[in-house]
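I am opening a notebook page on this structure, and I want to record what I looked up and what I found.

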Amino acid sequence: MEKIAVTTTGGDAPGMNCVIRAVVRTSIYYGMEIFGIRRGFKGLYEDDIFKMSSRDVSGIINQGGTILKTKRFPEFSERKIREIAIKNLKKRKIEGLIVIGGDGSAKGAYSLYSDFNFPVVLIPASIDNDLYGTDYTVGFDTAVNTAVEAIDRIRDTATSHERVFIIEVMGREKGNLAVEIALACGAEIVLIPERKMEWNEIFDEIEKQEKRGKVSSLIIVAEGAGKASEIAKILQKRFPEREIRFSVLGYIQRGGKPTYFTRTIATKFGFEAVKMLKEGKYGYMVGIKGGNIVHIPLKEVVSGKKSPSFENLKLMEIMAI
Ligand code: F6P
């Protein structure tokens, strides 16, 4: 392969820039031409494609977001839109595509591969860490660290005022992010979509904490398991004597400097993806399993389900006694 392209799609994640940098520089290292596509599949459809050089990715290793910009583009599920996208690649003689993104991006990447047999490699990048086949996605570690830092501050005020705090974190309909945040910030309760808790169980747990002499509590709720504001209302009604407050962390989880771990896997994934295309291996996602770089067929990625770590959830609960 002599010409390949790279794009970022879906929600941004810290470390996407590190991946772009690795893809561009590895391509140049192997003597390939590398093209950037702005705004993901939308830019591919709109033909917003440009040649990149090593200097285009200078000074971005430490920057959150994506220099290629990104967009959600549900229209890409339409075959006629994808046909135009493929035409745009072919007219430039681009022979391979690296897609950087989360689960929506995986579906888009897979459809280009399965419907048109176009050589595609996916690099998982999402704060949600919800992609099947990889232990980590690019950006997840950074988002957990950002949330933990914010929650440490909330803990200070929760402790001083002896309050119960409900903190809503992102993750769409998955609890992976919430569980890791809850374990790392020492929460008392975590609410995730994959393990429903009845109201009575939540009430009992708060009472148990009180009996153990805890004067403040942190409850982490994954956005897919409910709204912190609603939960706060219900808890306030049940515990009128307690001061219940809530905070929604929101988009701060998506920005900021990537951590060491995010940068490392981003660079390794970017390097590996280019190498795969060069060697004619495509239709895969690059991932990391038990510390090793792995290749997972896109078909498995789009059909598999990734669960949060129930082991870590249990550990969090044990530590909350
Ligand atoms: O997939 C990443 C994510 O940040 C989810 O956690 C969240 O539900 C969603 O994106 C928000 O999407 P948008 O940026 O389109 O509002």
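**Entry 1: the salt bridges.** I began with the definition, by which a salt bridge is a side-chain nitrogen of Lys or Arg within 4 Å of a carboxyl oxygen of Asp or Glu. I also noted that this is a predicted model. With that rule in hand I looked up the count, and it comes to 19 salt bridges.

Entry 2: I looked at Arg79 and Glu83, whose side chains meet in a salt bridge with N to O at 3.3 Å. Both residues belong to helix H3, which covers residues 79-91, and they stand four residues apart, about one turn of the helix. How accessible is Arg79? I found a relative accessibility of 42% for Arg79, so I wrote it down as partly exposed. Glu83 has a relative accessible area of 37%, and it is therefore partly exposed.

Entry 3: Next I turned to Arg195 and Glu317, whose side chains form a salt bridge at 2.8 Å, N to O. This pair links distant parts of the chain, since the two residues are 122 residues apart. Arg195 is in the loop between strand S7 (189-191) and helix H7 (199-211), while Glu317 is in helix H11 (residues 310-319). For Arg195 I noted 23% relative accessibility, which makes it partly exposed, and for Glu317 a relative accessible area of 26%, which also counts as partly exposed.

**Entry 4: a pair between two helices.** I then looked up Glu207, which forms a salt bridge with Arg238, and the closest N and O atoms are 2.4 Å apart. Because Glu207 lies in helix H7 and Arg238 in helix H8 (residues 228-238), the pair ties together parts that are 31 residues apart in sequence. Glu207 is partly exposed at a relative accessible area of 25%, and Arg238 is partly exposed at 33%.

**Entry 5: the ligand.** Where does the ligand sit? I found it in the largest pocket. The residues around the ligand are Arg72, Ile127, Asp128, Met170, Gly171, Arg172, Glu223, Tyr251 and Arg254. I went through some of these one by one, looking for atoms beside the oxygen atoms of the ligand. Gly171 places a backbone N or O atom 3.0 Å from a ligand oxygen. Glu223 has a polar side-chain atom 2.4 Å from an oxygen atom of the ligand, and for Arg254 I noted a side-chain N or O atom 2.8 Å from a ligand oxygen. On its own the ligand has 400 Å² of accessible area, of which the protein covers 77%.

Entry 6: Is Arg55 buried or exposed? Its relative accessibility is 57%, and since exposed means over 50%, Arg55 counts as exposed. The side chain of Arg55 makes a polar contact with the side chain of Ser58 at 3.0 Å. I also compared Arg55 with Arg21: the two are 34 residues apart in sequence, and their C-alpha atoms are 9.5 Å apart in space.

Methods
Residues numbered from 1 in each chain as written. Predicted model: local features only at pLDDT ≥ 70, side-chain atom pairs only at ≥ 80, totals over all residues. Heavy atoms only, no water. Buried < 20%, exposed > 50% of the residue type's maximum accessible area, 1.4 Å probe, protein only. Near = heavy atom within 4 Å. Polar contact = N/O pair within 3.5 Å; in protein donor to acceptor, adjacent residues only side chain to side chain. Areas by Shrake-Rupley, 256 points an atom, 1.4 Å probe, with all protein chains shown as cover. 1 Å grid on protein atoms, 1.4 Å probe; cavity = no way out; pocket = protein on both sides within 12 Å on 5 of 7 lines; lining within 4 Å. Sits in = over half its atoms within 2 Å of the grid points.
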